[in-house]
Amino acid sequence: MSTPFSKSGAARTDGSSVRIGALVPLTPPGWVEAGRHLLAGLELAVREVNDAGGIGGTVAGASGGRPLELVVRDTAADPRRAAAAVEELAGLGVAALAGEYHSVVARAAAAGADALGLPYLCSSAVLDALTDEPTERVARLAPAQSHGWRIYADFLLAAGHRRVAVAAQPSVYWASGTRVLRDRLAARGGTVVPLDMGELTPAAVCDALVDRQATALLLLVGHPEPAVPLVRAVRRDRRLAEILIGAPAGQPEFGSWATALGEDGAAIPFLRYLPERLGPLGDRVGAALRERLGEAPSFVAFEGYDTVTVLADLLRSHGTDRAGVARSWPRVDVEGTRGRIRFSRTPGIGVWQWAWPPVQVVDRDPAGPERFRVLHTGPA
């Protein structure tokens, strides 16, 4: 999918608009639901920027501002497709690049953007090593995986889990998450029990959980396959009635999880990046996103909105020159939907990083799976 300009807000075809390239997974095997929420946030913020006068306008409805134009490309969770899209968008003259949900795809986008001198604000991908080498051109809103997953490990430890099984598929992202969990648990006497989902059926996983005496099973796998059949198998195995199922990557955040699993999908803790209570801006944006999506917005939709908010502020304050935008990450100081956004250099992270967005461990309430319960919050 591609759009020549944002579906919302003012748009012009005379070359006067300020273009932002947006990478979003909109078709399988990408997580389409996450992509839809991310795009909704991006588009809503573009519309609001244009309603307020665009880039350079100072008063709502002002004619002097240049409209912001969102040029969307579907990555379909394919790193090669994302790399090609980055080259295309750079050739189309975008001032900056935004978006992406899948970490491996975002890595490819970041590498391409850096090589082309194109500033990139990554919305949702969390892999620590977003780039191979430190760069001034790339920034990120989502917390690094090591930060969020350590908080998740602390939640497990506080709940008394010391023997944690990890059902994982082959992936740089899942392998990185497993390392974070293993290191954090080991420091407190805990153990990670690896279960290779390339080799095991759901029934074999259940047997392994019993044999290895695990008290928790973490789903480091794709949704709906094999996550849904794995959850069903564990829930129906009487030997595992007391085991905790967890999904740190956030699979239960989206409505399709509840639709597929119903009550079986409740009480499965996951990470999400929202404060316990939104402020006035977050409440207003959340209501607008709900109307746009026809359902409760996920944290990914808020990440999309905040991405454009940051880029619009940079473009207004520091101009549309790519090099100027890239130099301006440390000057960002803007109110987002989930708190004040500023970027800094964080040890071990090679890009400009918001350190940190709010982090929660939540689950769906068994008494009403459409509701979420906050179980644990991480330090800022």
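## Helix 2 against helix 3

In this predicted model, P79, A82, V86, E87 and A90 of helix 2 meet V104, V105, A108, A109, G112, A113 and L116 of helix 3. Meeting, or contact, means heavy atoms within 4.5 Å. Helices here are DSSP runs of H or I with at least four residues, strands are runs of E with at least two, and both are numbered from the N terminus. By class, this contact holds 10 nonpolar residues, 1 polar and 1 charged. Nonpolar covers Ala, Val, Leu, Ile, Met, Phe, Trp, Tyr, Cys and Pro; charged covers Asp, Glu, Lys and Arg; the others, Gly among them, are polar.

Helix 2 spans residues 79-91 and helix 3 spans residues 103-116; they pack at an angle of about 30°, with axes 8 Å apart. Axes are lines fitted to C-alpha atoms, for helices over the stretch in contact, and angles run from 0 to 180 degrees between N-to-C directions. That angle makes helix 2 roughly parallel to helix 3, where under 35 degrees counts as roughly parallel, over 145 as roughly antiparallel, 65 to 115 as roughly perpendicular and the rest as oblique. The crossing of helix 2 and helix 3 is right-handed: a crossing is right-handed if the near helix is turned clockwise from the far one by less than a right angle, and left-handed if anticlockwise.

## Two oblique helix pairs

Next, look at helix 1 (residues 32-51) and helix 9 (residues 280-293), whose axes come within 10 Å and cross at roughly 120°. Helix 1 and helix 9 are therefore oblique to each other, and helix 1 passes helix 9 in a right-handed crossing. On the helix 1 side the contact includes R36, H37 and E43, while helix 9 brings residues including R284, V285 and R292. Sorted by class, the contact of helix 1 with helix 9 has 6 nonpolar, 2 polar and 6 charged residues.

Helix 4 (residues 145-158) and helix 5 (residues 172-186) have axes that come within 9 Å and cross at roughly 45°. That makes helix 4 oblique to helix 5, and this crossing is right-handed too.

## The nonpolar cores

A nonpolar core is a set of buried Ala, Val, Leu, Ile, Met, Phe, Trp, Tyr and Cys residues joined through side-chain atoms within 4.5 Å. Buried means under 20% relative accessible area, exposed over 50% and partly exposed in between, using a 1.4 Å probe and protein chains only. The largest core has 79 residues, and L68, W149, V310, W329 and F343 touch the most other members. Helix 10 (residues 299-318) gives the most to this core, with 11 residues.

Leaving aside neighbours within four places in sequence, V310 contacts L121, L141, W329, V332, V334, I341 and F343.

Most residues other than glycine have a negative phi, and most peptide bonds are trans. A76 is not a glycine, yet has a positive phi of about 50°. A76 sits in the loop between strand 3 (68-74) and helix 2 and is buried, at 6% relative accessible area. A267, also not a glycine, has a positive phi near 55°. A267 lies in the loop between helix 8 (255-261) and strand 11 (270-272) and counts as partly exposed, at 25% relative accessibility.

There are cis peptide bonds to find as well. One joins P28 and P29, with omega about 5°; P29 is in the loop between strand 2 (18-24) and helix 1. Another joins A355 and W356, with omega about 0°, and W356 is in the loop between strand 15 (352-354) and strand 16 (360-365).

## A buried proline

P226 lies in the loop between strand 9 (216-220) and helix 7 (227-235). P226 is buried, with a relative accessible area of 15%. Not counting residues up to four places away in sequence, P226 touches Q169, M197 and V221. P226 and P202 are 24 residues apart in sequence and 8.3 Å apart in space, C-alpha to C-alpha.

## Reading the numbers

Residues are numbered from 1 along each chain as its sequence is written, and side-chain values use heavy atoms, leaving out hydrogens and water. Because this is a predicted model, local features need pLDDT of at least 70 and side-chain atom pairs count only at pLDDT 80 or more, while totals for chains, interfaces and linings use all residues.
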